[in-house]
Amino acid sequence: MPILRFDTGTLLAAQDVRIVFFDVDGVLTDGGVYFSEHGETLKRFSILDGLGLKLLRQAGITPAVITGRDSKPLRVRLEALGIEHVRYGTEDKLPAAEAMLAALGLGWKQAAAIGDDWPDLPVLARCAFAAAPANAHAEVRAIANYVTAARGGEGAAREFCDLLLTATGHYRRLLDLARGPVV
């Protein structure tokens, strides 16, 4: 039996989600940008968050990434996770989200998003379900349907994925698969 519990109203609001838009810096990372002595960009990603994105795919929910930045480490990480729907280097995230929805034949009522700062507001405001990490900007937290207990880059995306998997009825099945056969 799963131990995670979410508010019933929250789960009902998220039950029709078929695509999830993720910001990167401040959601999939801690929001810091690290530079090596040679000027290379370094990023830290949570393994918990990565598995959450993979679990969404296993449940038939499309994870999509729209980010204002672009870097080799980011591309390597998203490729390793098998994320196919990505838009790099765009501050105007709404047209990118609309294009992804159109390409997949989905609408805003089937979309969820998680973001942490002002560039994410237009997408968050249109989605059926919006989330923010605990350390998101106050304006983002104010419009979110759900604010994670975890901070960005420290499990916030995984917490959001678990909520969506629970709301769409996939969490228990995936957990049982992970546990393996009972002997």
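Alanine 112 sits opposite phenylalanine 129 of strand 7, in a model that is predicted. The two strands involved, strand 6 (residues 111-114) and strand 7, pair in the parallel sense over three bridges.

- Strand 7 covers residues 129-132, and both of its faces are covered.
- Phe129 and Ala131 are buried on one side of strand 7, while Ala130 and Ala132 are buried on the other.

**Strand 7 and strand 8**
- Strand 8 (residues 146-147) also pairs with strand 7 in the parallel sense, here over two bridges.
- Across this pairing, alanine 132 stands opposite valine 147 in strand 8.

**The cysteines**
- How many disulfides does the structure hold? There are zero disulfides.
- For cysteine 127, the closest cysteine sulfur is in cysteine 161, and the two sulfurs are too far apart for a bond because they lie 14 Å from each other, whereas a disulfide needs them within 2.5 Å.
- Cysteine 161 is likewise in no disulfide, with the sulfur of cysteine 127 as its nearest cysteine sulfur.
- Is cysteine 127 buried or exposed? Cysteine 127 has a relative accessible area of 9%, so it is buried, given that the cut-off is under 20%.
- Cysteine 161 counts as buried too, at 0% relative accessibility.

Methods: Residues are numbered from 1 along each chain as its sequence is written. This is a predicted model: local features need pLDDT of at least 70, side-chain atom pairs count only at pLDDT 80 or more; totals for chains, interfaces and linings use all residues. Side-chain values use heavy atoms; hydrogens and water are left out. Buried means under 20% relative accessible area, exposed over 50%, partly exposed in between (1.4 Å probe, protein chains only). Helices (H or I, at least four residues) and strands (E, at least two) are DSSP runs, numbered from the N terminus. Two strands pair if DSSP finds at least two bridges between them.
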